[in-house]
Amino acid sequence: MIAFWRVMSCHFEKGTEMKRKILSFILSFCFIFSLAACGNSSNTDTKSKKSSPSSVTKKYKTMGEIFALDVEDDEKQTATLEDAYIYAFKHNGTYYRAIATITDDAKRAIDDLDFDDEDYWDNVAGIIAPLKIDKFENLSKQILSQKELDKLVGKTGQYLLDHDWYSNGYDLETMKFRMNKDPFCYLVVFDGHVDKKDYEDFDDSIDILELKVKSVKFYSLGDACKR
């Protein structure tokens, strides 16, 4: 039995957007923050574990303070835009997103870093840490409930695409698709099948149009740094 998972790429109109997407993808899996650069986190972590989601969004003022939080490495994303730095993450079971205005000095400092330096991401964290948080939101409020997801059963791929869903990966053996909606990713299973001989020519923006949804479940962060 042969199975594969194809991850689809996204295209943006501007080079800065492509840079943001690439950074977001890499950092969501590889970014390791330096606690030394971000400040002493021992007390912060202890207190944050007792904090409610609403208190977390009001408590922290700088990026460095949230860099020091205990977060899940496979559930975080960052992006450096022309005018902002975005950090989305999961902390104590809740998803958050912090946005800070990035200064010209900070951008220049990041541009001057050597990407091949083993301390590159630690150095980026140190540069970003002093930035003041402009917006800090609880993203978990945007997760679609299972009741809402169940209403999609029987709908077509065309319906999903028309309502701002889009695919970013799929397994044609199981007909499981990772589909993004707003900042999150959901696992969508379509009813039907694709012949193995047609795998290479499959286009998930066209070939799912007539397929009907069999089930939908929450999966993970999707593209939480997209604005």
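This is a predicted model: local features need pLDDT of at least 70, side-chain atom pairs count only at pLDDT 80 or more; totals for chains, interfaces and linings use all residues.
Two strands count as paired if DSSP finds at least two bridges between them. Strand E3, residues 84–91, and strand E4, residues 94–101, pair in the antiparallel sense over eight bridges. Within this pairing, isoleucine 86 stands opposite isoleucine 99 in E4, a handy place to start when looking at the structure above.

These two strands belong to an open sheet of four strands, arranged in the order E2-E3-E4-E5 with antiparallel pairing. Its edges are formed by strand E2 (76–80) and strand E5 (133–138), each of which pairs on one side only. On average, neighbouring strands of this sheet are turned by 10° against each other, direction ignored. In general, strands of a sheet pair through backbone hydrogen bonds, either parallel or antiparallel.

Phenylalanine 202 sits in the loop between strand E8 (184–191) and strand E9 (212–221). Although a loop residue, phenylalanine 202 has a relative accessible area of 8%, so this side chain's residue is classed as buried. The C-alpha atom of phenylalanine 202 is separated by 9.1 Å from that of leucine 172, a residue 30 positions away along the chain.

Methods:
Residues are numbered from 1 along each chain as its sequence is written. Side-chain values use heavy atoms; hydrogens and water are left out. Axes are lines fitted to C-alpha atoms, for helices over the stretch in contact, and angles run from 0 to 180 degrees between N-to-C directions. Buried means under 20% relative accessible area, exposed over 50%, partly exposed in between (1.4 Å probe, protein chains only).
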